Amino acid sequence: MDSETSPSAISPQIMSLLRRTIGKLLPAIGFLFSAQLVMGANQVLDVTKAGVVGDGTTLNTANIQKVIDECAAAGGGIISFPAGRYLTGTIQIKSNVTLRIEEQATLLGSTNAADYRNLDPFIDGSGHPLGHALVVAVDAENVGIEGKGTVDGQSPKLKATENPYVTRPFLVRWVRCANVTVRDIHLINPGAWTLNFFQTKGAVIEGVTIRSRDLGMQNNDGINVDSSENLRVSNCDVISGDDALVIKSTSAAKPSRDIQAVNCKLSSRTNAIKLGTESIGGFSNITISNCTITNTKMAGIALYEVDGADLSNVTISDITMDGVVVPVSIRLGSRLKTFREGDQARPTPGKLSDVTIKNVTAKNIEMIGLLINGIPGHPIESLNLENIRLELPGGGIAEDAKIVLPEKEAAYPEFDMFGKTMPAYGMYLRHINGLKLKDVHLTSLRPDARPATVFMDVNNMTQADFTSESAKSP
């Protein structure tokens, strides 16, 4: 550079003027850039204008992905699917992009397993590899799927493919995302879990309808939250083949926490509300309230911490159940399993503490009301059961009262892990330190020779405030 034009040759007065001028321009430049992003985020793109065909037979994967990629590159926006049936394999949502499935529109999953990708492989609680998905977002923010249309995974047709357990796709997955919205959409016929959130921070799930029951395959969970935080679920209607509303933690360093669910209708071939079974990261600050549970073939409420972490500060309240096997099943165990590559198994059992379950009514129960078990040396701590009304089947005989349940410390936790015949007709509570029973009422509809309750290794129990009555023999 010539010395006459070098920075050192510019007078201090001119340099000061340049700095002031640039300083005044920068906010305007920033405003224009932000405005461009806002304009992009508000644009609505009709996929049919980009060659996507809604005839139900044309495979649109590449064209849909192109629209998403171009929309994201332009600053984001809403991608609209008008009335029609749009066949596709895996599509990946990018940052600042929302899919809007309009009323009478269906995003239709391919029945060819080769059309799906696995962008986040992992091992589920039963030891099977999973992760393929129809709609997926990875490391994205400000994303969502909305509209009164439908996402249909067509799983009854897909299950005939080779090795379907490994390749069958989740319906919608959010992996390490932030600021997610899922609203008003109908989600049906998933190949595996229906709506999954993994390591996601901040999500609103509102007005979602899920139908995944009786599809002839396993693990069709409804709303599945995994190692995520700051989620709110509200006004959802879930009828699922597997757990309806389930919170997991498959990442050792990331608990599921600060999660709220309200005003949901739940029905499941397994459990309606569940924390666990995958539980290596733990759970904290979970509140679930004002939900109705019907036609559920396992537990209405299941809390399972079995992989060495902590479950604490959980409140479940104002729950109505009609048709469950066990209204409340709680287990602190010692399975100590890992689910993600690189995670090390925890060496000792964790803790299950500070749990409140209150304002619960249940009828048409098949087995027992409350089945709650810690393990020797590792009791459940600070358990509060309040205002609970259970209408129990009864019918037990005196011989049943002699049954001694095994410990099964390392077993997979489930309502029937100790057998289906209990030594009590109302409550079986074992290995608990700090128990509060307030206004708990147990009613047996048929005569029952078993006691209403069995307490084993239960310490520091406040004065029990519960009543029980068994129907009299004719």
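# Core, cysteines and rings of a predicted model

F466 is partly exposed, at a relative accessible area of 24%. On this scale, buried means under 20%, exposed means over 50%, and partly exposed lies in between (1.4 Å probe, protein chains only). The model is predicted, so local features need pLDDT of at least 70, side-chain atom pairs count only at pLDDT 80 or more, and totals for chains, interfaces and linings use all residues. Residues are numbered from 1 along each chain as its sequence is written, and side-chain values use heavy atoms, with hydrogens and water left out.

## Overall build

The protein has 34 strands and 4 helices. Both are DSSP runs numbered from the N terminus: helices are H or I with at least four residues, strands are E with at least two. Of the 474 residues, 54% are buried. Contacts (heavy atoms within 4.5 Å) reach across the sequence. Among those with a separation of 6 or more, 78% join residues 24 or more positions apart. The accessible surface comes to about 19,400 Å², by the Shrake-Rupley method with a 1.4 Å probe. Carbon and sulfur atoms hold 51% of this surface.

## Nonpolar cores

A nonpolar core is a set of buried Ala, Val, Leu, Ile, Met, Phe, Trp, Tyr and Cys residues joined through side-chain atoms within 4.5 Å. The largest one holds 96 residues. Within it, W174, L195, F197, I205, I223 and L385 touch the most other members. Strand β32 (residues 427–444) gives the most to this core, with 7 residues.

What does I223 touch, leaving aside residues up to four places away in sequence? Its partners are L195, I205, I210, V233, C236, V238, A244, L245 and V246.

## Cysteines

A disulfide is a covalent bond between the sulfur atoms of two cysteines. The test here asks for a pair of cysteine sulfur atoms within 2.5 Å. The count is 0 disulfides. C264 is in none: the nearest cysteine sulfur, that of C236, is 4.7 Å away.

## Aromatic pairs

A pair of aromatic rings is described by the distance of the centres and the angle of the planes. Rings of Phe, Tyr and Trp (its six-membered ring) pair if their centres lie within 6.5 Å; planes under 30 degrees apart are stacked, over 60 edge-to-face, and the rest tilted. There are 5 aromatic pairs.

F122 and F170 have ring centres 6.2 Å apart and planes at 75°, so they sit edge-to-face. F122 lies in strand β8 (residues 117–123) and F170 in strand β12 (residues 170–175), 48 residues apart, so this pair links distant parts of the chain. F455 and F466 are also edge-to-face, at 6.4 Å centre to centre with 80° between the planes. F455 is in strand β33 (residues 453–461) and F466 in strand β34 (residues 465–470), 11 residues apart. Ring pairs also link F122, F170 and W193 into a cluster.

How buried are some of these residues?

| Residue | Relative accessible area | Class |
|---|---|---|
| F122 | 4% | buried |
| F170 | 0% | buried |
| F455 | 31% | partly exposed |
| C71 | 1% | buried |
| C264 | 3% | buried |

## Charges over rings

A charge sits over a ring if NZ of Lys or CZ of Arg is within 6 Å of the ring centre and within 35 degrees of the ring normal. R340 lies over the face of F198, 3.7 Å from the ring centre. The charged end of R430 sits over the ring of F418, at 5.2 Å from its centre.
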